[in-house]
Amino acid sequence: LLIVLLWAGFMMSIIFNPTQYIYKSSEIKAQFYKMYDEKLAQWPVKHESVYVETDYGKVHVVVCGPEQAPPVLLIHASAIAAWSWYPNVGELEKHFRVYAVDNIREVNKSELADLKKPLVGKADGGPEIARFYTDLTTKLGFEKSYVVGASVGGFLASNYALYAPQRVQKLV
């Protein structure tokens, strides 16, 4: 009986693989995505959602502004999402190509590939954060940008600027 129970538990862990999902159920995820879309509907200018595959998973980025304008990377505060920049983008998109990133491992539309592989919280987190944002911005099509971070986003942005200064035009 013990062997059967262990085998069943092992199979359930493979089938449901809790390291893959931040949401407890697909219903909760669907409810959150609906709320997210309602918030994003407040975005004051034309925008698009872009998904970028990274070593950490699929990163959701809200993009707006003239394609030829200089890029600005917006990194939001903890426990919120990229839609939180909606009060700022109306002015920003007049001068910049805006890339508002959903921080990976937060409750938003980015999908972390493995909950056991956090981007922050390690002793060597700074260089890893810089590698992540370097990879992300390269895949988005730019080598250097203005970077704006709020709260934890400021921590992430500061580490990006510290460990990849050649990639950051200015930091706010």
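This dialogue goes through a few features of a predicted model.

Reader: What conventions apply?

Author: Residues are numbered from 1 along each chain as its sequence is written, and side-chain values use heavy atoms, with hydrogens and water left out. The model is predicted: local features need pLDDT of at least 70, side-chain atom pairs count only at pLDDT 80 or more, and totals for chains, interfaces and linings use all residues.

Reader: How many residues has helix H4, and which of them are buried?

Author: Helices are DSSP runs (H or I, at least four residues) and strands likewise (E, at least two), numbered from the N terminus. The expected span is 1.5 Å times one less than the number of residues. H4 (residues 125-140) has 16 residues and spans 22 Å from first C-alpha to last, close to the 22 Å expected. Buried means under 20% relative accessible area, exposed over 50%, partly exposed in between (1.4 Å probe, protein chains only). Among the buried residues of H4 are Ile129, Phe132, Tyr133 and Leu136. An α-helix has 3.6 residues a turn, so residues three or four places apart point the same way.

Reader: What do the buried residues of H4 pack against?

Author: Contact means heavy atoms within 4.5 Å. The partners are strands E1 (48-53), E2 (57-64), E3 (71-75) and E4 (97-101), and helix H5. Just after H4, glycine 141 has a positive phi of about 105 degrees.

Reader: Is glutamate 67 buried or exposed?

Author: Glutamate 67 is exposed, at 64% relative accessible area. This residue lies in the loop between E2 and E3.

Reader: How do strands E6 and E7 run?

Author: Two strands pair if DSSP finds at least two bridges between them. E6 (residues 145-149) and E7 (residues 168-171) are parallel, joined by three bridges. Tyrosine 146 stands opposite lysine 170 in E7.
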